[in-house]
Amino acid sequence: MIKAIYFDIDSTTYIHAIHDSPQSTKKAFKQLKENGYKLAICTSRSMAEMAKLPSHYFEYMDAIICLAGAQIYVDNKLVVNHPLDVSEAKEVLSYLDKNHITYRYSCTNKDNFLNQKDDDIAALFYRLYLMEPPVKTYDNEELVHILYYPNSEIEREHIRKLCHKNYHLDLYRACEITAPNINKGTAIIECAKYWNIKQDEIAAFGDANNDLPMIKEANIGIAMGNGSPLLKQAADYITDTIENDGVYKACVHFGWIKEEK
């Protein structure tokens, strides 16, 4: 029996073109909450990158997992924090700085910065999150996440090889680095334990390759119809696209909510 359901944000429950969720997704959140399910966001975004999200995300969610599992907030309280391996992270940042590669680094205290002025990346952040991180040189803060934008596959491969301990994951344009063995999959289990919910009582929704760990770890892993081929291959169920009410339809399919006539 499913008791906790986890949702990715971007292109799973949130459409960038309208900076909002489909109305059907909002209905699903509301009904799920009323039906007693624990709900949580599980995203690679930082808290700062969620500041402009519509209010329904915070109204209906019992927990927020951010930075791909690095931090978990319950009732606005930080209950889980996984810092990066310090020496290895500094080696990575040194290479990034030396090669003038733009990166966003996130600190334990929610601070969030770009390492250098980069109009293209700043514009990308605004287009996706309606915010731009301030620019500041890294100054030995405790880090929980690095998101970097390589200029070539050679740079990407070099950084990947530097990460012997920290967890490195390729995204599309960027790559992210989290603490050793920490990802969205480990996070949903860790969050469920906080609620005394078992792994086989978890469901998760995602669309991209960075959602793979949680889709695999959930008892029911659901890929959006607009999801990546790799994610669909790993999923237990493939629903419709985000634009065609995919979240709502899956929740009806599994009997978690009733379809409104």
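With a relative accessibility of 1%, Y103 is classed as buried (buried means under 20% relative accessible area, exposed over 50% and partly exposed in between, with a 1.4 Å probe and protein chains only). This is a predicted model, in which local features need pLDDT of at least 70 and side-chain atom pairs count only at pLDDT 80 or more, while totals for chains, interfaces and linings use all residues. Residues are numbered from 1 along each chain as its sequence is written, and side-chain values use heavy atoms, with hydrogens and water left out.

Rings of Phe, Tyr and Trp (its six-membered ring) pair if their centres lie within 6.5 Å; planes under 30 degrees apart count as stacked, over 60 as edge-to-face and the rest as tilted. The structure holds 13 aromatic pairs under this rule. One of them joins Y103 and Y105, a tilted pair with 6.0 Å between centres and 50° between planes.

## From Tyr105 to Tyr138

Y105 is buried, at 0% relative accessibility. Its ring centre lies 5.6 Å from that of Y138, and the planes meet at 85°, so this pair is edge-to-face. The two residues are 33 residues apart and link distant parts of the chain: Y105 belongs to strand 6 (residues 103-107), and Y138 to the loop between helix 4 (119-129) and strand 8 (143-148). Helices (H or I, at least four residues) and strands (E, at least two) are DSSP runs, numbered from the N terminus. Y138 is also buried, at 18%.

## Cluster and charges

One aromatic cluster consists of F7, Y14, F29, Y57, F205, Y237, F254 and W256. R45 lies over the face of Y14, 5.1 Å from the ring centre; a charge sits over a ring if NZ of Lys or CZ of Arg is within 6 Å of the ring centre and within 35 degrees of the ring normal. Likewise, K136 has its charged end over the ring of F113, at 5.1 Å from the centre.
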